[in-house]
Amino acid sequence: MPKLIPGSTAIVIGAGGLGGFAIQFIRELSPAKIIAIDTNESRLKVARDYGAHQTLIGVNESTLGEIMELTDGRGAEVVLDFAGFDATIETALAAVRKSGSFGLIGAGMGTSKKPWYGSLPLDGEVFNFQGGSINDTKEVIKLAEAGLIRNEVELFPLKDVEKAYEKMEQGSLRGRAVVKP
């Protein structure tokens, strides 16, 4: 958050359930411009509803160029990868500007094929998310109670668990799937 000052850019790769939360948190807690990237156009519509200023279909061979165009060649102060695939990791690392931050949250089992030395953001940081504190949880609850963030869920009875997974794999959920026993 300290890097997301006026004039800064935050990129969220993977605008699904967790990425949607990130977009909302960044919108409420910083003045940063938010760029959401996803392969699913319906997820990008939700990302715009949540507060993303710009959206890109990707990640593909043109995504990095589009990011650089949107950031006047600087890259982003913060890139959060909620997908975690080879292509998203490579694009995210290349899109982080000097002294920026790259957060790997997604568990797509991807890796960077480049050596870490020389391919990481210059004077930047790389981190992954392992969970929050009780204070983080309390702050999120306050934002939700104030109506500043939304937690959209689609309920499924236990007998329809396969349908929940199908919708998740198709990318047709607006928020999160919750299976109710």
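Let's start with a pair of charged residues: Arg74 and Glu77 form a salt bridge, and their closest N and O atoms are 3.6 Å apart. Keep in mind as you look around that this is a predicted model. The two partners sit in different surroundings. Arg74 is partly exposed, at 34% relative accessibility, whereas Glu77 has 11% and counts as buried, because the cut-off for buried is under 20%.

## A network of charges

How many salt bridges does the structure hold? There are 10 of them. One joins Glu152 to Arg174, with 2.6 Å between the closest N and O atoms. This pair links distant parts of the chain: Glu152 is in the loop between helix H6 (134–145) and strand S7 (153–157), while Arg174 is in the loop between H7 and S8, 22 residues away. Through shared partners, salt bridges join Lys45, Asp49, Arg150, Glu152 and Arg174 into one network.

Arg174 also forms a salt bridge with Asp49, and here the closest N and O atoms are 3.2 Å apart. Arg174 lies in the loop between helix H7 (161–170) and strand S8 (176–180), and Asp49 lies in helix H2 (residues 41–50), so this pair ties together parts that are 125 residues apart in sequence. Are these two residues buried or partly exposed? Arg174 is partly exposed, at 30% relative accessibility, and Asp49 is partly exposed too, at 35%.

## The sheet and its helices

Now for the strands. An open sheet of 6 strands runs in the order S3-S2-S1-S4-S5-S6, and the pairing is parallel. Strand S3 (54–57) and strand S6 (125–128) are the edge strands, each pairing on one side only. On average, neighbouring strands of this sheet are turned by 15° against each other, if you ignore direction.

Zoom in on one pair of strands: strand S4 (residues 76–81) and strand S5 (residues 96–104) run parallel and are joined by 5 bridges. Which residue of S5 is the bridge partner of Ala76? That would be Val96.

H2 lies across S2 and S3, and runs at about 170° to S3. Helix H4 (residues 86–95) lies across strand S1 (9–13), S4 and S5, at about 150° to S5. Of the 10 residues of H4, 7 are buried, so the helix is largely enclosed by the rest of the structure. Those buried residues are Thr88, Ile89, Glu90, Thr91, Ala92, Leu93 and Ala95.

What about the inside? The largest nonpolar core has 18 residues, and Ile23, Ile26 and Ala36 have the most contacts inside it. At least two residues of this core come from each of S1, H1, S2, H2 and S4. H2 gives the most, with 4 residues.

Take Ile26 as an example. Leaving aside neighbours within four places in sequence, Ile26 is in contact with Leu4, Ala10, Val12, Ala32, Ile34 and Leu80. There is also a second, separate core of 15 residues, which includes Val79, Ile89, Leu93 and Phe102.

## Ser30, a polar residue in a loop

Ser30 is worth a stop. You'll find Ser30 in the loop between helix H1 (17–29) and strand S2 (33–38). Is Ser30 buried or exposed? Its relative accessible area is 12%, so Ser30 is buried.

What does the side chain of Ser30 have around it? A polar atom of this side chain lies 2.9 Å from the backbone oxygen of Ile26, and a polar atom of the side chain also lies 3.2 Å from the backbone nitrogen of Ala32. Beyond neighbours within four places in sequence, Ser30 is in contact with Met1 and Leu4.

## Val179 in strand S8

Last stop: Val179, in strand S8. Val179 is partly exposed, at 31% relative accessibility. How far apart in space are Val179 and Glu154? Their C-alpha atoms are 8.5 Å apart, although the two residues are 25 places apart in sequence. Apart from neighbours within four places in sequence, Val179 is in contact with Phe156, Pro157, Leu158, Val161 and Ala164.

Conventions. Residues are numbered from 1 along each chain as its sequence is written. This is a predicted model: local features need pLDDT of at least 70, side-chain atom pairs count only at pLDDT 80 or more; totals for chains, interfaces and linings use all residues. Side-chain values use heavy atoms; hydrogens and water are left out. Buried means under 20% relative accessible area, exposed over 50%, partly exposed in between (1.4 Å probe, protein chains only). A polar contact is a pair of N or O atoms within 3.5 Å; within protein, one must be able to donate a hydrogen and the other to accept it, and residues adjacent in sequence count only if both atoms are side-chain atoms. Contact means heavy atoms within 4.5 Å. A salt bridge is a side-chain nitrogen of Lys or Arg within 4 Å of a carboxyl oxygen of Asp or Glu. Two strands pair if DSSP finds at least two bridges between them. Axes are lines fitted to C-alpha atoms, for helices over the stretch in contact, and angles run from 0 to 180 degrees between N-to-C directions. A nonpolar core is a set of buried Ala, Val, Leu, Ile, Met, Phe, Trp, Tyr and Cys residues joined through side-chain atoms within 4.5 Å.
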